[in-house]
Amino acid sequence: MKRRLVVGNWKENPSSLSEAKELLRALKKKVTRARPVEVYLAVPHAFLHTLTGGKKNGRPLLGVQDISAFWGGAHTGEVAASMVKSIGGHFSIVGHSERRSLGETNEMVNKKVLAALGAGLHVVLCIGEEARDPEGVYLTLLTHELETAFQDIFPRDLGRVAIAYEPIFAIGKSGLDAMKGDDVHEMIIFIRKFITERFNRSRADSMPVLYGGSVDSTNAKDLLTTAGVDGFLLGRASLEVDTFFEIVRFARQV
Ligand code: PGA
């Protein structure tokens with residue numbers, strides 16, 4: 001059976017630990033009914049330890065939204081993957097467009113992927129183009145993002161990687177602005193073809209490929225059926241308990 005994965009990304013929310021605890025409590029109540037869908041939640045670093053209680057918990061699996069490209073040392077402000085792992089973190093999002101827009105390069109994304117995998121974390125690798133052009137230059141850009149991100153990766157670690165396709169123009173809008181199922185479908189095929197050529201067919205079939213960008217309860221079902229995605233990366237919807245679990249429920253049914 002295909003893996004189904006729904007990843008929530010709280011971004012810079014909520015504004016206090018007490019709100020974060022409350023939100024997680026509400027999510028946990030519902031998540032017990034999510035099986036066999038895997039549910040991840042990327043929380044702010046500042047809250048991770050309290051929310052995990054210092055150890056890896058079942059559902060949802062908690063992680064972070066970004067990770068240091070380094071393994072430790074004199075890097076002010078950075079949080080190493082081993083630190084996240086040691087307080088119960090399960091995964092890190094890497095290469096989110098909101099990090100790339102602050103200057104994160106493909107090479108840095110690659111270092112972060114390697115650091116996270118090296119420390120035993122799972123990785124949700126984000127790729128996505130800023131805009132479309134009729135000549136299809138965006139496809140070259142996406143190939144370059146993928147090629148660089150997977151450089152030097154050990155094939156044995158691939159089972160801990162999921163890819164989230166997030167076109168930047170579709171992020172943070174209303175559900176109407178999400179990409180349409182058919183268009184996402186083309187991109188899922190494109191990504192699976194890359195993985196097949198770079199690794200092999202069975203890797204391409206087993207690696208979860210997610211879509212992110214203005215997913216909500218109005219468009220999730222269509223994206224699952226028409227686009228053939230394995231799940232979603234949810235921003236805003238991950239802060240709304242009912243919407244989040246309606247989407248998880250769709251992922252379980254489709
Ligand atoms: P959104 O964010 O669901 O609010 O569009 C998605 C993301 O940025 O990961």
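The model is predicted: local features need pLDDT of at least 70, side-chain atom pairs count only at pLDDT 80 or more, and totals for chains, interfaces and linings use all residues. Residues are numbered from 1 along each chain as its sequence is written, and side-chain values use heavy atoms, with hydrogens and water left out.

View 1. A polar side-chain atom of Glu-166 is 2.8 Å from an oxygen atom of the ligand. Backbone N or O atoms also lie by ligand oxygen atoms, at 2.6 Å for Gly-172 and 2.9 Å for Gly-235. Of the 280 Å² of accessible area that the ligand has on its own, the protein covers 97% (Shrake-Rupley method, 1.4 Å probe).

**View 2. Helix 10, residues 241–253** (helices are DSSP runs of H or I, at least four residues; strands are runs of E, at least two). Its 13 residues should span 18 Å at 1.5 Å a residue, and the end C-alpha atoms are 18 Å apart, which agrees (expected span: 1.5 Å times one less than the number of residues). Buried residues of helix 10 include Phe-244, Phe-245 and Phe-250 (buried: under 20% relative accessible area, 1.4 Å probe, protein chains only). The buried residues pack against strand 1, helix 1, strand 2, helix 9 and strand 8 (contact: heavy atoms within 4.5 Å).

**View 3. Ser-92 in strand 4, residues 91–94**. Ser-92 counts as buried because its relative accessibility is 0%. Beyond its neighbours within four places in sequence, Ser-92 is in contact with residues including Val-64, Asp-66, His-122 and Val-124.

Technical notes. Buried means under 20% relative accessible area, exposed over 50%, partly exposed in between (1.4 Å probe, protein chains only). A polar contact is a pair of N or O atoms within 3.5 Å; within protein, one must be able to donate a hydrogen and the other to accept it, and residues adjacent in sequence count only if both atoms are side-chain atoms.
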